[in-house]
Amino acid sequence: MKRSFIALLISLSVSLPAWSQQFPGSTQVPGSFGGRQSMPTSTTGTNGIDDSTKVIYGPRSTRYVLEDDVFNNRRKLYTLDTTMDDVHRFTYVQRSQNTYQDLGALGTPMRPVFLQVPQQLGAQSGYYVFSPYAYQTMDVRYYDTKSPFTDMYIALGGNNQNILRFDMAQNINPRWNVGFDVQRFTSQKQFGTSGNTDPYKLLAQNWGVQLHTNYRSKNDKYILLAHFINMNHSLDEQGGVLPGETASGVPILYNYTGDARLRSGSTSLQGPHGWEIRNNSHIYHQYILDQGFQLYHKFDYQVQKNFYQDDTLRLNLTDAGLTTDVRKFYPTILGDTSRLEQHARFRLFENQFGIKGISQFKGASFNYRAYLRIRNYRQTSLYNTSRTNYNEYATTRTETFVGGWLGYYFPDSLSRLTAEAELGAGGSYRIQGQVESKFLTAGGSYVNVEPTLLQERFQSKVYLWPDATRGLEPLSKRNYLHAYGKLNVGYKKLRIQPSLDYYLVKNYVYFDTAGVVQQEKSPISIIRPGLGYHLQLGKFLVAGQAYYTAKEGPDVIRMPPFFINTRIQYEFLYAKVLYIQTGIDLHYKSPYYGDAYMPLTQQYHIQNRQKVEGYVLADLYANLRINRTRLFIKLTHANQGLITPGYYVAPDFLPMRRGFAFGVDWYLFD
């Protein structure tokens, strides 16, 4: 049985180059931002094989750069990752090392577990819960390929969670590369459904597209990086699972087959449904007059549309068949109760013009940057007052910022010191600095930033702010002080990374237990010591990270006191061709009053009625690799019911049940 399985994997990996013949493209040899790459000396054909049938195209002949490295004059080329580490972590929560939380299923709204400091000045739309599912500008890979490159990925996640991704890049000529990435994922409802025959069993679906290109001139004086990102994400909102009871009246605390708090739709009624569309066009280009004097320009055009509709509003307000109003979800409803509809559209034009440069002196280097940033944006919101009548309001502004950045790189090439400051015409500002070395990373930042546009103003039949009952005074700018440090210490096979983060927050904006925006004027201090660890003993590995969080001040920022990730793994070679990593992933958060989710505003808000987490989650996995083909098999939530019957990841939302997952990642180079 084992040898037949190995034979199947080998035949699969051998057949992949044949599949790649379907994809068109030349095999021209491009250069790179770090200088031209030499052509292999052997004579090649169009399939990248020399006269001795030796494959010369592969991960080392396909490289890429990131915009941040070009922007900071770091001529760094990355090669493709062919390791098996983390291949089994296919969901977005797992990819974030569990530092994000969702509502238990793929595609549901996500939020950071720990406090996040805003990284950019200027008002933002305020709709963020689907952001992690979109392609990110700073993560776009700009390739330099010696042959057409294709990456095909599929994950069948168990319990009807499926992800498909297809990436391709190809050089048009040695200095110009184009490519695209496409992703599609879906998940199905785990509760509030009648089963596989339910026509409304689909929970979330996502389409993501990314088009990218990069170009450099013959003399490397001019560099262009550009991309377009689109995301179309939709979600049937369920509001959580209702509690149940057995035939003898015993309560069912973890009711995986229960009804949803929000009713599904029908052929005549649109059920609670959220939707977001994002389009982002981005251009970065620079011209080098001299290494010490370079001109650059960034341009962004962003459009974000958010939509929510519930035609089953009357059913979701109350259920006459129940003795208590357990289905009540929305705090209040003003006027007509037949429909709830909300639209928001955010449009942004942003330009950044600047000069930068780098100079070297006695092995060290000095880097600088100065810039002007201009943002023009408009957010338009629309909501229904009856089934057919609507109100509309808008916010339109122009913001201007000036900033500078300095960097000093020590002769050892491992240490650097950086500092940055940015000032907005409206009084917002950002100051930060950091020192990095082989053994220490430390720094700090202070940010005085505007509230989001949604926090400033929101109108609907459920919520209205600002209004006279809560005061019409506008929200103050938010203040964040963050100081941090991390050591990197190694002894033989052990590597540890003790860390410490300290936050001081003033004028914190949050959503209260009713889902209404509030601002806390009193200061809140947070301290978070942490420890990363990595112990390699032969073929055994134990690695992970742990954090402890303590805070003082008003209890409006909720985080688990203890947070622990641990991986225990064994790696070996089977039959001389199959590399295998097998192990267990463990994750734990201590019990706490985690935030609840309000789909109308697409915001998480504090709550005091139900503790979440307090459970050790265990996933069993095996990662496999033959040549360049990587696979994984995984038993998710393997310990379900072994100690306790379950737990909640968010109020009224259970995690995914035990399931079997499988995935394959193919690299094709011709």
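The second largest cavity is lined by 18 residues, and those nearest its centre are Leu 103, Phe 191, Leu 203, Gln 238 and Phe 653. A cavity is here a set of points, on a 1 Å grid over the protein atoms alone, where a 1.4 Å probe fits but cannot get out, and a lining residue has an atom within 4 Å of a point. The structure is a predicted model, in which local features need pLDDT of at least 70 and side-chain atom pairs count only at pLDDT 80 or more, whereas totals for chains, interfaces and linings use all residues. Residues are numbered from 1 along each chain as its sequence is written, and side-chain values use heavy atoms, with hydrogens and water left out.

The volume of the second largest cavity is about 150 Å³, a volume being the space filled by probe spheres set on the grid points, which are joined across faces, edges and corners. Its lining divides into 10 nonpolar, five polar and three charged residues, where Ala, Val, Leu, Ile, Met, Phe, Trp, Tyr, Cys and Pro count as nonpolar, Asp, Glu, Lys and Arg as charged, and the others, Gly among them, as polar.

In total, five cavities of 30 Å³ or more are counted. The largest cavity holds about 590 Å³ of space, and of the 36 residues that line it, Thr 91, Val 93, Gln 94, Asn 98 and Leu 617 are the closest to its centre. Among the elements that give two or more residues to this lining are helix H3 (92-95), strand E31 (562-574) and strand E35 (615-626), while E32 gives the most, with four residues; helices (H or I, at least four residues) and strands (E, at least two) are DSSP runs, numbered from the N terminus. By class, the lining of the largest cavity has 14 nonpolar, 14 polar and eight charged residues.

The second largest pocket, a pocket being an open set of points with protein on both sides within 12 Å along at least five of seven lines, contains about 570 Å³ of space. Of the 29 residues in its lining, Asn 73, Arg 74, Arg 75, Ile 358 and Tyr 409 lie nearest the centre, and the largest share, three residues, comes from E16.

Salt bridges, each defined by a side-chain nitrogen of Lys or Arg within 4 Å of a carboxyl oxygen of Asp or Glu, number 30. One of them joins Arg 630 to Asp 665, whose closest N and O atoms are 2.8 Å apart. Because Arg 630 lies in strand E36 and Asp 665 in strand E37 (residues 659-668), this pair ties together parts that are 35 residues apart in sequence. Arg 630 counts as buried at 7% relative accessibility, as does Asp 665 at 6%, given that buried means under 20% relative accessible area, exposed over 50% and partly exposed in between (1.4 Å probe, protein chains only). The side chains of Glu 420 and Arg 430 likewise meet in a salt bridge (3.3 Å, N to O), and since Glu 420 lies in strand E18 (residues 416-424) and Arg 430 in strand E19 (residues 429-436), the pair ties together parts that are 10 residues apart in sequence. Glu 420 and Arg 430 are both buried, and they belong to a network of salt bridges that also links Glu 350, Arg 373, Arg 375, Glu 399 and Glu 422.
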